[in-house]
Amino acid sequence: MEISILMLIDILVTLVVSYKFFTLVKETRAIQLLNGVLILLLIRFFSGILGLKIFNSLLDQVKTVILIALPIVFQPELRRALEHIGRGNLINQLRRRDKFQTHIDKLVAAIIRLSKDKIGALIVVKRATGLKDIIDTGIELDAILSVELLINIFTPNSPLHDGAIIIDKNRLVAANCLLPITKNSNLKQSFGTRHRAALGISEESDALVIVVSEETGVVSITYDGRIESNLDEFSLKERLFSKFDELGVN
Ligand SMILES: Nc1ncnc2c1ncn2[C@@H]1O[C@H](COP(=O)(O)OP(=O)(O)OP(=O)(O)O)[C@@H](O)[C@H]1O
């Protein structure tokens, strides 16, 4: 078989597009469904070879239902993916990164100071999932994010220090908010309600949550129902950056 240049280009383009698609969905809930679809296609392939006619037609029906249901169930992910492609322009990306760096720098500077002073904090950073029901449990602020404001809010005895704050891009949306507590029973005993609340909201939304322990000053981050502890300034910035870059916040 002759391999033409066109064929090589074809393979390369398919690989690049598949890789891009995979990186877009890998940390979303779409990945589980994608795995399911791949398994289904594999079963359909073998059942085709074996000539199991009734089973084949059943699998074909299931495939049709899934194809119709996909765009409905994954409407937010699809929208994000299309927006991501639309933002491909390099200048826009650089501009976005720059603006974005400023929000992250402010946030991280405040967290590091809170950590040094062992001031407990619970900071929910909104991503794609709306958090209206959580915001409604607290006090709406809609203030521009600043290091001083963040420190002021969490300073013990300040009227807003209890509960969580919600941040959306460079705005501090609300404080004093109540988060759902995780039901995960495999957590370390040392994680109290502040950390359990951070995990709870990260299980129910795609938000990133930063926790500063009042007892130890340790900084943790939760996302997708997972917790990472003992983050220093560098790794915290790195986590925030990669999570938001993925989403394309501006
Ligand atoms: N469901 C919740 N939603 C929002 N904030 C909460 C919630 N539960 C607890 N908190 C916050 O956590 C504080 C209590 O933290 P607690 O000491 O139980 O947690 P912890 O995980 O051990 O943290 P630390 O290491 O800071 O002690 C409360 O004063 C409140 O500000």
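Which of the 17 residues around the ligand come nearest?

Mentor: This is a predicted model, in which local features need pLDDT of at least 70 and side-chain atom pairs count only at pLDDT 80 or more, whereas totals for chains, interfaces and linings use all residues. Residues are numbered from 1 along each chain as its sequence is written.

Of the 17 residues around the ligand (C-beta atom, placed from the backbone, within 6 Å), the nearest are G192, R194, A197, S213 and E214. Helix α8, residues 193–204, supplies the largest share of this shell, with four residues; helices (H or I, at least four residues) and strands (E, at least two) are DSSP runs numbered from the N terminus. By residue class, the shell holds seven nonpolar, six polar and four charged residues, with Gly counted as polar.

Strand β1, residues 121–125, runs parallel to β3 and is joined to it by three bridges; pairing requires at least two DSSP bridges. In this pairing, V124 stands opposite I166 of β3. Strand β4, residues 171–177, is antiparallel to β3, with four bridges between them, and C177 in β4 is the bridge partner of A164. β3 and β4 form a hairpin with two residues between them, and K169 in its turn has a positive phi of about 55°.
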